[in-house]
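Subject: Structure handover

Hello,

Here is the structure I said I would pass on. My notes follow below it.

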Amino acid sequence: EQLSRKSLEPLKNYGIEYVLHQNEPYVDLPPKSNCIRPQCVSDHLFSKEELEKYGTALTPAHYGCFESFKTGILTEFQDEDFLITCEGDCIIEVPIEEFVNKLYEVCEIISKTNIGYFSFGDVKTLDFGWHQSNMVEEVPNQDLLFITDKIIGLQFIMFPKSVKKFLFNKLRTHKWDAADIYFNTIFYNTEFKM
């Protein structure tokens, strides 16, 4: 987390407001009543047998992560053109000026292509390197991004103001899941691209 903060704080030198939210880790059993997959709510990760029967467990850490993203979005997304949210392990791996230039290029592309949910992350899982995000559509005349049907990992995601009303409504009314699954679920089959 300290490396992440050190990596992100320089963004404020480029006209990007940086606001740190730090939540207390959630330790109770997550609520089942407003969960997409109540059978998966658990106080522990599932064994191989449970995983095959129920799917991935939704633990207190998963709920805490979801609630942290929800709180950050609902409290910080005001009049900004874009809102970026990051997990505590987000590290910018290129020189900051290079990143900022690409960020502004991406913002321009997003504004012209109806992209509502964007990730600066990888297309492969961090832990095993499994390919997860397939290209379903090319965006012409650029090499920074593509349209996908699934984003994995939430280390560094961004939403344009065009989705603010939609996003607020879903965060207030749609049942929860692991945050990455949740955002994929609410954006799937909408007019907004990922």
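Cys65 is in none, as the nearest cysteine sulfur, in Cys86, lies 12 Å away. Cys65 is partly exposed because its relative accessibility is 23% (buried is under 20% relative accessible area, exposed over 50%, partly exposed in between, with a 1.4 Å probe and protein chains only). For Cys86, the closest cysteine sulfur is that of Cys90 at 4.0 Å, which is too far for a bond. Cys86 is also partly exposed, at 30% relative accessible area.

This is a predicted model: local features need pLDDT of at least 70, side-chain atom pairs count only at pLDDT 80 or more, and totals for chains, interfaces and linings use all residues. Residues are numbered from 1 along each chain as its sequence is written, and side-chain values use heavy atoms, leaving out hydrogens and water.

The other item is a pair of helices (DSSP runs of H or I, at least four residues, numbered from the N terminus). Helix α5, residues 164-173, packs against helix α6, residues 179-187, at an angle of about 120°, and their axes are 11 Å apart (axes are lines fitted to C-alpha atoms over the stretch in contact, and angles run from 0 to 180 degrees between N-to-C directions). So α5 is oblique to α6 (under 35 degrees is roughly parallel, over 145 roughly antiparallel, 65 to 115 roughly perpendicular, the rest oblique). Phe166, Leu167, Lys170 and Leu171 of α5 meet Tyr182, Phe183, Ile186 and Phe187 of α6, contact being heavy atoms within 4.5 Å.

Regards

Key: Disulfide = S-S within 2.5 Å. Helix = DSSP H or I, 4+ residues; strand = E, 2+ residues; numbered from the N terminus.
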